[in-house]
Amino acid sequence: VLGHASTDCIEEDGGEIRFLSGEWGKSGLPNMEPLWLLRYLPNMPACHIGISVDARGPNNSVTLDEASGNLSLGEAKEIIKRNAADVMIAGTTGTRVHPVKTTHARLWDELAESEDDPSTWSKPFDKNRTGQVISEGACSFILEEEEHAKNRGAEIYAVIRGTASSCVVSKEGVADNRKALVNVINSALKEAGLTPSDIGHINAHGLGTRVDDAIEYLAIKDVFGDAASEIPVTALKSVFGNPGASCGSLELAGSILGLKNGVVPPTLNFSESDPECPLNIVHGEPLKIENRIALNINVTRIGQASAAIIEAV
């Protein structure tokens, strides 16, 4: 219903799509059903999951766009640490292919364009990248204390070593994503009691846009120094695109499942290194690795960054 209402206010002229805000009251709003908000409130997934599994503990929703995955993990971790729950479901869901979300993406983001097969459009850190690819997805983790998991015979995939959050925006409203990313990497390392040299690989935000990938490289270099060009980096938005809020959880799951098999999953569509972001991108084949510690980083267009460090078991 919301998608239909929004498309009634869209005009296309010579390939350019514009949302006509002046038409909303006349053409869009009459197509909205009275209870539409209950379908789109961001706390609805957590509510329905809680009802479904009869969970009686803390129930919270983190709504920080692409930074949400690592932060929901961190929130659930802290709830368990303060003995407010034995087990937590920490997950995210996101879509950018809903008509309203797609309109937002067209207005605000650099989207990939090509005459090639769409599966090749997402090219994080590649010299020939043209923008991000929108998508949708969801992912959840079960968190609990180690002894609690062992007592119920659960298979343990990884241990959370550290999580962090930082938002850096100027008084004029200009986001500083580089500084925000540096902050969360350093904070997550501090909580984990690790140094940059302890990290086995980075699962990068890797939007595939010209500016954002270059900024992310600079942030990594600020923390890792000369090792920034050596540490393995994967960017899994090349596989599933950018679903928004769920990207961090999906990326972290990719690293965990890869490390469970002793590898770092590869970045798709990477063929030529860019001098503006000369990272050691894992591509072609999965990279065999013994170091089982991974850093996942995400950042939004408004300067909100998050990080999570896990160690695969």
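Which side chains meet in a salt bridge at 3.4 Å, N to O, with aspartate 274 as one partner? The partner of aspartate 274 is arginine 210.

All views show a predicted model, in which local features need pLDDT of at least 70, side-chain atom pairs count only at pLDDT 80 or more, and totals for chains, interfaces and linings use all residues. Residues are numbered from 1 along each chain as its sequence is written, and side-chain values use heavy atoms, with hydrogens and water left out.

**View A. Aspartate 274 and arginine 210 form a salt bridge.** A salt bridge is a side-chain nitrogen of Lys or Arg within 4 Å of a carboxyl oxygen of Asp or Glu. Aspartate 274 sits in the loop between β8 (263-264) and β9 (280-281), and arginine 210 in helix α9 (residues 210-224), so the pair ties together parts 64 residues apart in sequence. Helices (H or I, at least four residues) and strands (E, at least two) are DSSP runs, numbered from the N terminus. Aspartate 274 is buried, at 3% relative accessible area. Arginine 210 is partly exposed, at 28%. Buried means under 20% relative accessible area, exposed over 50%, and partly exposed in between (1.4 Å probe, protein chains only).

**View B. Glutamate 144 lies in strand β4 (residues 136-144).** Glutamate 144 is buried, with a relative accessible area of 18%. Its side chain makes a polar contact with the side chain of histidine 148 (2.6 Å). Another polar contact joins it to the side chain of arginine 152 (2.6 Å). Such a contact is a pair of N or O atoms within 3.5 Å; within protein, one must be able to donate a hydrogen and the other to accept it, and residues adjacent in sequence count only if both atoms are side-chain atoms.

**View C. Helix α5 (residues 68-81) has 14 residues.** Eleven of those 14 residues are buried, so α5 is largely enclosed by the rest of the structure. Among the buried residues are Leu71, Leu73 and Ile80. Lysine 77 is buried too, at 10% relative accessible area. Lysine 77 forms a salt bridge with glutamate 78, with the closest N and O atoms 3.4 Å apart. Glutamate 78 is partly exposed, at 30%. Asparagine 83 follows α5 and has a positive phi, near 60°.

**View D. Lysine 150 and glutamate 146 form a salt bridge.** Their closest N and O atoms are 3.0 Å apart. The two residues are four apart in helix α7 (residues 146-151), so about one helical turn separates them. Lysine 150 is partly exposed, at 46% relative accessibility.

Note on methods
Expected span 1.5 Å × (residues − 1).
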